[in-house]
Amino acid sequence: MNFTFQTKFLSKIQIPTRNCSYFLFSNHRRRYSAVTFSLSTKSDEETLVVVGGGAAGIYGAINAKTIAPDLNVVVIEKGKPLSKVKISGGGRCNVTNGHCVDSMVLAGYYPRGSKELRGSFFNTHGPMDTMSWFSDRGVELKTEVDGRVFPISNSSSTIIDCLMSEAKKRKVLLQTGKTVTSVSTTAGGKFCVKIEKRSVDSVEFVEASYIMIASGSSEQGYKLATQLGHSIVKPVPSLFTFKIDDFQLVEMSGVTFPKVGPMLVTHWGFSGPVILRLSAWGARDLSDSDYKGSLLVDFVPDLHIEDLKSVLNQHKNKFPKQKVINSFPSELGLVKRFWRYILDRENLAEDLLWASISYNLLISIASNLKNCSFRVKGKGQFKDEFVTAGGVPLSEVLSLSLSLSLSLSVIVLLLILGSLQISLKTMQSRIRPNLFFAGEILNVDGVTGGFNFQNAWSGGYIAGTTIGNLAIAANLKEEAV
Ligand SMILES: Cc1cc2nc3c(=O)[nH]c(=O)nc-3n(C[C@H](O)[C@H](O)[C@H](O)COP(=O)(O)OP(=O)(O)OC[C@H]3O[C@@H](n4cnc5c(N)ncnc54)[C@H](O)[C@@H]3O)c2cc1C
């Protein structure tokens with residue numbers, strides 16, 4: 001398949017960084033307060049604030065708390081937690097993909113991230129680890145023929161219940177209906193997090209040692225990242241269907257093309273995993289061309305053009321008395337309605353017999369089948385799964401920090417020696433220490449099939465365990481002094 005594109009660019013999001021005054025001012029309309037969470041915060045206790053209670057944030061929070069039970073972990077969620085998990089996979093939640101064990105192969109399913117994710121990212125926590133994590137907690141999973149993994153219950157609530165009960169068990173503090181509206185750094189090298197609750201018009205401030213931004217594709221999350229010095233790769237939609245400018249085509253809604261792959265005609269154009277995959281790989285160019293271009297489809301990819309011509313010719317010789325609109329070679333794998341559509345594009349007379357078909361017309365039919373052009377006039381509103389390409393560039397996420405595989409005693413020893421020099425992926429910002437990112441906020445997105453949640457689980461796990469280990473190391477250092 002092929003597209004033609006135009007190019008135009010959007011400007012970058014830029015928000016000035018402001019410092020936070022920790023003890024607050026008042027105004028007659030808004031109620032302000034300093035740290036009001038029911039965290040048992042002693043001033044020397046460390047706190048992780050997770051921005052966003054989606055898949056990445058909740059998973060990250062649980063894993064941080066699993067490693068470091070004494071770390072205060074609070075998740076701030078502006079709406080309902082795990083709301084995308086709820087609606088995902090048509091309400092069934094396609095948790096991950098069970099057919100991709102090799103991380104090199106797995107990375108190939110990410111149009112943004114295909115190079116960067118080849119290494120330790122999935123080796124540290126890949127689909128098998130995700131599946132074990134859920135099954136160890138009593139969630140029975142099944143892998144469908146195409147590799148998509150679902151809970152056996154066929155209900156996303158099973159995944160939500162598991163995550164929420166684990167978060168509760170680990171004493172992760174979840175604050176819903178609150179929005180993180182800004183984050184700045186304090187003189188002591190910590191973060192000052194401003195949290196607003198619009199419904200009661202109140203503002204709270206929390207001092208945090210660690211921040212994990214897991215805000216998905218929300219504009220506010222991008223603003224927080226820019227406040228902390230990060231750039232944002234322009235966010236554009238991915239995983240969408242195509243609106244095709246061809247009324248005769250859309251009249252054939254429901255027609256599928258087994259040879260092309262999972263693709264079907266809808267009442268607005270083309271849909272199905274093949275199209276979604278194409279939209280993901282072309283997401284940026286399609287956005288630049290305002291979702292207008294030409295879609296070229298090869299409807300008989302298993303036959304070379306010359307073989308196709310001889311198949312048509314053999315049919316002509318075998319069935320000279322049959323009408324072309326009624327009879328066609330089974331090797332084409334097409335339904336009659338679509339064969340007639342192709343003939344309509346050739347303006348072929350309805351009563352034409354195979355015996356009378358000219359060689360030129362036969363060649364033209366073959367070319368149309370091999371290289372059928374459709375005018376894309378826009379993006380469809382496919383709602384089963386979509387995702388955002390763009391966000392914080394992976395190049396701004398640190399790959400050098402402490403090793404998660406080190407035993408505690410070795411970490412202590414290294415801290416004492418002051419020579420912590422081991423490199424592993426951490427999800428930590430290269431720009432701001434102790435700032436972490438996970439999930440869709442990053443410039444990572446996968447094709448449909450469970451790959452987007454896998455990015456959230458892997459990123460959340462790595463960020464959470466890194467933070468947990470840092471918190472333990474900091475604690476031990478304090479105790480050693
Ligand atoms: C309809 C649909 C179906 C999908 N189905 C699948 C599927 O079956 N399989 C799959 O792999 N992927 C699926 N996806 C994609 C998948 O849902 C996302 O990739 C995944 O949810 C990303 O997780 P996340 O935690 O990074 O972000 P999100 O799940 O978007 O979570 C981010 C959270 O942060 C909160 N937030 C944002 N800003 C702030 C702020 N400033 N303060 C406080 N809270 C904030 C948001 O309210 C949100 O709850 C689907 C997506 C859609 C839209």
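A crossing of two helices is called left-handed if the near helix is turned anticlockwise from the far one by less than a right angle, and right-handed if it is turned clockwise. Keep that in mind for the helix pairs below. What you have here is a predicted model, where local features need pLDDT of at least 70, side-chain atom pairs count only at pLDDT 80 or more, and totals for chains, interfaces and linings use all residues. Residue numbers start from 1 along each chain as its sequence is written.

Let's begin with the overall picture. The chain has 15 helices and 21 strands; these are DSSP runs numbered from the N terminus, with helices being H or I over at least four residues and strands being E over at least two. Of the 481 residues in the chain, 41% are buried. Buried here takes 20 or more other C-beta atoms within 10 Å of a residue's own, exposed takes 12 or fewer, and partly exposed is in between, with C-beta atoms placed from the backbone. As for contacts, two residues have one if their C-beta atoms, again placed from the backbone, lie within 7 Å. Take the contacts in the chain between residues at least 6 apart in sequence, and 76% of them join residues at least 24 apart.

Now for the inside. A nonpolar core is a set of buried Ala, Val, Leu, Ile, Met, Phe, Trp, Tyr and Cys residues joined through C-beta atoms within 7 Å. The largest one holds 109 residues, and the members touching the most others are L48, V49, V50, V51, I211, M212 and F436. Helix α15 (residues 451-480) supplies the largest share of this core, with 10 residues. Zoom in on V49: leaving out residues up to four places away in sequence, V49 touches V74, I76, V193, V206, A208 and I211.

On to how the helices pack. Axes are lines fitted to C-alpha atoms, for helices over the stretch in contact, and angles run from 0 to 180 degrees between N-to-C directions. Angles under 35 degrees count as roughly parallel, over 145 as roughly antiparallel, 65 to 115 as roughly perpendicular, and the rest as oblique. Start with helix α2 (residues 83-91) and helix α6 (residues 156-169), whose axes come within 8 Å and cross at roughly 155°. That angle is why α2 counts as roughly antiparallel to α6. The crossing of α2 and α6 is right-handed. On the α2 side the contact is made by V85, K86, S88, G89 and G91, and on the α6 side by S156, I159 and I160. By class, these residues are three nonpolar, four polar and one charged. Nonpolar covers Ala, Val, Leu, Ile, Met, Phe, Trp, Tyr, Cys and Pro, charged covers Asp, Glu, Lys and Arg, and polar covers the others, Gly among them.

Helix α6 also packs with helix α1 (residues 55-67), at an angle of about 35° and with the axes 9 Å apart. This crossing of α1 and α6 is left-handed. Here I58, Y59, A61 and I62 of α1 meet L163, E166 and A167 of α6. The contact of α1 with α6 has six nonpolar residues, no polar ones and one charged.

Helix α1 has another partner in α15: their axes come within 7 Å and cross at roughly 30°. That makes α1 roughly parallel to α15, and the crossing is right-handed. The contact of α1 with α15 brings together 14 nonpolar and 10 polar residues, with no charged ones.

Finally, a few loop residues. V300 sits in the loop between β16 and α11 (305-318), and V300 counts as buried because 21 C-beta neighbours lie inside 10 Å. The C-alpha atoms of V300 and K259 are 6.4 Å apart, although 41 residues separate the two along the chain. L394, in the loop between β18 (387-391) and β19 (397-400), is partly exposed, with 19 C-beta neighbours inside 10 Å. From C-alpha to C-alpha, L394 and L117 are 9.4 Å apart in space and 277 residues apart in sequence.

Y291, which is not a glycine, has a positive phi near 60°, and Y291 lies in the loop between α10 (283-288) and β16 (293-297). N347 isn't a glycine either, yet has a positive phi of about 55°. With 7 C-beta neighbours inside 10 Å, N347 counts as exposed.
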